[in-house]
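Thanks for coming. I will go through one model this morning, chain by chain, and then the place where the chains meet.

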Amino acid sequence: MSGVAFSTTDAVDFLVLGAGAAGGVVAKELATAGFRVVVLEQGPYLHEGDYSHDEIKYTFQPGLTNDPKVQPITYRKSDADRARPMKAIEYGRQVGGGSVHFTANYWRFHESDFREHSLCGEVSGADLRDWPIAYADLEPYYTKAEYELGISGLAGANPFEAPRSKPYPLPPMPVKSSGVLFDRATKKLGLHPFPAPVAILSEPYQGRAPCVNCGFCESFGCEVGSKSSTLVSVIPLAEKTGRCEIRPECYVRKIELDDAGRAAGAIYFERNRREIFQRAKAVFVCANGVETPKLLLMSKSKRFPEGLANSSGLVGKYLMWDNGGEALGLFEHPLNEYKGIQVTRLIHDYYASDPKRGFYGGGGIDARFDFYPAGFALSGLPPDTPRWGSEFKRTFVTYFNRTMMLMAHTTSLAQAKNTVSLDPDVKDAWGLPAVRITFDYHPHDVATMKWLLAKQIEILEAAGALKTWSQPFDVVDNMPSRHLMGTCRMGNDPRSSVVNPFSRTHDVPNLFLVDGSNFVTSGRQQPTATIQALAYRAADYAVRAARRGDLS
Amino acid sequence: MAVGPDVLSALQHAHTVAGLPVPHFETLDAATAVEIEAIAARIIPSTGGAGAREAGVIYFIDRALSTFAADDRETYRTGMAQLQQKRKELFPNSTTISSLTGDQQMTLMRAIETSSFFELLRTHTVLGFLGNPSYGGNRGERGWTQIGFEGQMAYQPPFGYYDAQAEEEKK
């Protein structure tokens, strides 16, 4: 826990809103560079000892995520519909954010991800654009993230990956039966499987213990500190400086401006719901692709009547999320997939968009099993299984240890009609407007998922599956989305983007936004590596700007 | 609803035989518990090994309704009332669900299997069978034992048949 406690009236150098994948990195970079930092986090400050292997608590209740009972979310497919309460999105709500409970897949973007408009051209109904930065601009920061956080993987094993300046700091995790079956099948089909890069320690690293293969990664906090969340990696380094104060259970409702139009600090609710104003010389918002635009939209002022830093009108627009279909297969012998991390092998053969397919899009496919016992019996079985009785029981009893999944991670096109906005009617427990999500797939998103699903089934069959089945990918069935991207997009032109190429807002010089909201395209999901590379890069820029006196 | 002392004593007997404590409920009255358990035992029967009954699913449901699923109490109350109504329609001479024959219970289940109450009961039955035993169900880890889930804090590779085979081939 933090030792240092800053005064709220004395302006700290930086205020960081959100202690997640990005906020943790930013706080560490700023504090170690000598700045005084306060981090406000909505959720609690938990540690390894607070977590458990409790499926009911963490997958059937919002154990580590936003709770719709106190923070309702409304959803509608299009703005012609009336939004109704639905948990459309989910995010990690604790110190460490989503990096605590994520599956820990850690993919770099490919070079092509940054220039798909140039490569693929216009897509009707979407605003497919190039990023204002190239892969080469981010490469040093991907490397820095991999080394500071602790990523396991095998450089060079993926023939489609972009150039790397250094190998992974840790070797890959042990392969599971799903990985072995996937390896054999994909090689038989002429594809190129490789060990999954993951934010999980395969060996001791920087004083942290390696993974014990307990199997409870996705949706769970790691009980031995081997998952490389910001909670166990960079946040302790930030606190060790004595210049970073983490304040958990602080819910920000507004960023305030001074008379000159610069960010002056933020108003937040403490745990007891008392309102506090923290002054700061500069502000970083790292609250995620939904909470960041929500906060800006709530931070209205005379200067910004449509929301802070929203002169473009694009705050909250172009929401992209975690598309991808799921195919499952039953095998003759026990796989015991509940042991070990979720994913050990994948392919990027279908990653690039190919005009020959007739639509924009592509994706990666990984071999995994991300069910826990009750969740599998309730929602993992073939759709023709009886829902109760002896045949229902026989199926989940015999399938649990002999099933694996192939999951696709596919493109989500940026569409102006997919938005985060403030619900005009529904309020949360603090009296603030509920988040309203308006989202539907682009036809090319669906075409991509369908095309890849056929490949997933083909691979399962080549692996010798006795039976295969798939999960529906209707937009509502696939909720909640956990990859929240695009809602404060990055660009050079203030008229068509919210932040500049260094995640600094075009409108307010001492206000930075860095998280999934910056994304111009969705990549092929697995956004965490790119979010953290952007965070390192933005912090690096902010440190230099602050030292020049360019921020205050 | 009326449940004869014979049913309660049969339930108690079943629990004694299974080595379980004599029923004690926090939220449910004993009569309702007997009825709900009869349905849970149809969702996960005791065929081929322990089912909902032996795993103590009813204790999970009872505790859930006073803790994380307290909001579902009203759904249970109205759902069970409708279920008893349906039972009377289908089997006018019957007195309880638990005293119906197996075939009659199945007929009743088929009549309600698309209802939202049934969905909730199905979810709770599965959670009580395969969820963490600390919630009062999955007694003696009977549910986990059925599916072959070991519930340990750590494992060593090889984990399954195919990765063991691959390791063997490398040697």
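This is a predicted model: local features need pLDDT of at least 70, side-chain atom pairs count only at pLDDT 80 or more; totals for chains, interfaces and linings use all residues.

Let me begin with chain B: what percentage of its 171 residues is buried? The figure is 38%. The predictor gives the complex an ipTM of 0.96 and a pTM of 0.96. For chain B, the pLDDT averages 91, and 87% of the residues score at least 70. Residues 1-5 of chain B have a pLDDT below 50, and in the model that stretch has eight contacts beyond near neighbours in sequence. Please read those contacts with that score in mind.

On to the make-up of chain B. Taking the contacts in chain B between residues at least 6 apart in sequence, 58% join residues at least 24 apart.

The helix I want to pick out is H6 of chain B, residues 116-130. H6(B) has 15 residues, and its first and last C-alpha atoms are 21 Å apart, close to the 21 Å expected at 1.5 Å a residue. Which residues of H6(B) are buried? They are Leu121(B), Arg122(B), His124(B), Thr125(B), Val126(B), Leu127(B), Gly128(B), Phe129(B) and Leu130(B). Within chain B, the buried residues of H6(B) pack against helix H2 (30-43), helix H3 (57-64) and helix H7 (142-147). They also pack against H2 and H9 of chain A.

That brings us to the contact between the chains. How many residues of chain A are in contact with chain B? The count is 36 residues of chain A, in contact with 34 residues of chain B. On the chain A side, four helices supply at least two residues each: H2 (55-59), H6 (177-188), H9 (373-379) and H10 (390-399). H10(A) gives the most, with five residues. By type, this side of chain A divides into 19 nonpolar, nine polar and eight charged residues.

Now the sheet in chain A. Six strands form an open sheet, in the order S5-S11-S12-S13-S10-S16, with antiparallel pairing. The edges are S5 (194-195) and S16 (467-471) of chain A, each of which pairs on one side only.

Working through the pairs, S11 (residues 343-347) and S12 (residues 363-368) of chain A are antiparallel over four bridges, and Arg345(A) stands opposite Ala367(A) of S12(A). S12(A) pairs with S13(A) in the antiparallel sense over six bridges; there, Arg368(A) has Met405(A) as its bridge partner. S13(A) also pairs with S10 (residues 326-330) of chain A, antiparallel over five bridges, with Leu330(A) opposite Thr403(A).

Is S13(A) covered on one face or both? Both faces are covered. On one side the buried residues are Thr403(A), Met405(A), Met407(A) and His409(A), and on the other they are Met404(A), Leu406(A), Ala408(A) and Thr410(A). H6(A) lies across S11, S12 and S13 (403-410) of chain A, and runs at about 15° to S11(A). H6(A) is also one of the helices on the side of chain A that touches chain B.

Last, some backbone details to look at. Most residues other than glycine have a negative phi, and most peptide bonds are trans. Ala104(A) has a positive phi, near 85°, and sits in the loop between helix H3 (98-101) and helix H4 (116-120) of chain A. Ala104(A) counts as buried because 27 C-beta neighbours lie inside 10 Å. Ser503(A) also has a positive phi, of about 70°, and lies in the loop between S16 and S17 of chain A. Ser503(A) is buried, with 28 other C-beta atoms within 10 Å.

The loop between S16 and strand S17 (511-513) of chain A also holds Pro480(A), and the peptide bond from Met479(A) to Pro480(A) is cis, with omega near 0°. In chain B, a cis peptide bond joins Pro157(B) and Pro158(B), with omega about 0°. Pro158(B) is in the loop between H7 and helix H8 (161-170) of chain B.

That is the end of my part.

Technical notes:
Residues are numbered from 1 along each chain as its sequence is written. Chains are lettered from A and ligands numbered from 1 in the order in which they are written. Two residues are in contact if their C-beta atoms, placed from the backbone, lie within 7 Å. Ala, Val, Leu, Ile, Met, Phe, Trp, Tyr, Cys and Pro count as nonpolar, Asp, Glu, Lys and Arg as charged, and the others, Gly among them, as polar. The expected span of a helix is 1.5 Å times one less than its number of residues. A residue is buried if 20 or more other C-beta atoms lie within 10 Å of its own, exposed if 12 or fewer, and partly exposed in between; C-beta atoms are placed from the backbone. pLDDT is the predictor's confidence in each residue, from 0 to 100. Two strands pair if DSSP finds at least two bridges between them. Axes are lines fitted to C-alpha atoms, for helices over the stretch in contact, and angles run from 0 to 180 degrees between N-to-C directions.
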